[in-house]
Amino acid sequence: MKEVLVVGGAGYIGSHMVKMLSKSGFDVTVFDNLSTGYKSLVKYGKLVVGDLADRPLLEKLFSEHNFQSVIDFAAFSLVGESVSEPAKYYRNNVANTLNLLDVMVQYKVMHLVFSSTAATYGNPVYTPIDEQHQQVPINPYGASKLMVERLLQDYAKAYGLNSVALRYFNACGADPELELGEMHDPETHLIPLVLQAASGRLSSICIFGQDYPTQDGTCIRDYIHVQDLCSAHQLAMAAMLSSTLTGAECFNLGNGAGFTVQQVINVSKDIVGKDGYTINVQQADRREGDPAELVANSRKIEEILHWKPLYSDIETIIQHAWEWEKRLVALH
Ligand code: UFG
């Protein structure tokens, strides 16, 4: 059975990944410091609680296992916080990740799937954004992820470390079997907040800015289901294991379809309305650093890895997230 290490496997996306890999027959070990992850989300695989800053612990872990590949989700990812606390972001997302890369090379584990982000592109100069688009991040979060992408290119050349950096657009949705879903504290993402406003955990949802140059004045984003993100990781890992992909590769991950904040709220209203719920909406000022439109061109991963999203329609994405929100409310 192939062994895989999932760093950050107790988080939102990582926990879905662990489930998918376990169901596919991989022997999964989760390494997570539980700073933003939850033990309760590790429903598959073995959990080792630890921090990437702890190099001796990483060495012990690698010496005790026979990992063939690593998938790394461990990072801080709040754009606003990265502006006010850049040291936290560079230390964890760059310096601690360097420990992981070095231990991988030391133990000759030469395949890494790395969570990168659309935030590495900065303000789009054209749309949809392909992988050739300039990468000029406008916040420390995006910069920290871009630094690791650069490291990965050099580690491929010098040490033969193969990697695939996946640049996520807006991750959302939940496990269709409802064992897992999004849990952030604080929650900052649009879809879970809209649904919390429906369930009553929030009194209302604020639309940040209605004067953007878009069809209804609200920002456009490319929402991608967490299961589709995970299937891309699995394809990337398989391509490295079979030597179809070598060196340092990168792919965008989005649906290629943009929805405005207002459209997301409208679809959500229809979905929660069927269960008798309503959503209070308020207007607010623009949030600093939000580009008007972020939409992915994901043709490269479709062509090279034959990735196909299963849940690309926004209704299904929001329906799954709503089922999860109802479950969370029922549990509390
Ligand atoms: N929004 C609101 N009200 C809210 C929350 C969000 O109107 O209460 C709007 C935002 O202004 C934005 C859209 O909803 O226009 C989506 O916002 P999210 O916070 O859900 O997601 P972002 O697009 O800001 O962030 C995502 C990832 C980041 C990544 C970024 C790339 O979550 O990790 O894309 O720019 F950095």
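Visitor: Which elements each supply at least two residues of the shell around the ligand, and which of them gives the largest share?
Guide: In this predicted model, α6 (190–199) and β8 (205–208) each supply at least two residues of that shell. Helices (H or I, at least four residues) and strands (E, at least two) are DSSP runs, numbered from the N terminus. The largest share, 4 residues, comes from β8.

Visitor: How are residues numbered, and what does the model count?
Guide: Numbering starts from 1 along each chain as its sequence is written, and side-chain values use heavy atoms, with hydrogens and water left out. Local features need pLDDT of at least 70, totals for chains, interfaces and linings use all residues, and side-chain atom pairs count only at pLDDT 80 or more.

Visitor: Which residue has a side-chain N or O atom 2.6 Å from an oxygen atom of the ligand?
Guide: Of the 21 residues around the ligand (a heavy atom within 4 Å), those that come nearest include Leu 190, Cys 206 and Asp 290. Leu 190 has a backbone N or O atom 2.8 Å from a ligand oxygen, and Cys 206 has one 2.7 Å from a ligand nitrogen. The side-chain atom at 2.6 Å from a ligand oxygen belongs to Asp 290.

Visitor: Is Ile 265 buried or exposed?
Guide: Ile 265 is found in helix α8 (residues 261–273). Beyond its neighbours within four places in sequence, Ile 265 is in contact (heavy atoms within 4.5 Å) with Val 194, Ile 205, Ile 207 and Val 281. Because its relative accessibility is 0%, Ile 265 counts as buried.

Visitor: What kind of peptide bond joins Thr 127 and Pro 128?
Guide: Most peptide bonds are trans. Pro 128 is found in the loop between β5 (111–117) and α5 (140–159). With omega at about -5 degrees, the bond joining Thr 127 and Pro 128 is cis.

Notes. Polar contact = N/O pair within 3.5 Å; in protein donor to acceptor, adjacent residues only side chain to side chain. Buried < 20%, exposed > 50% of the residue type's maximum accessible area, 1.4 Å probe, protein only.
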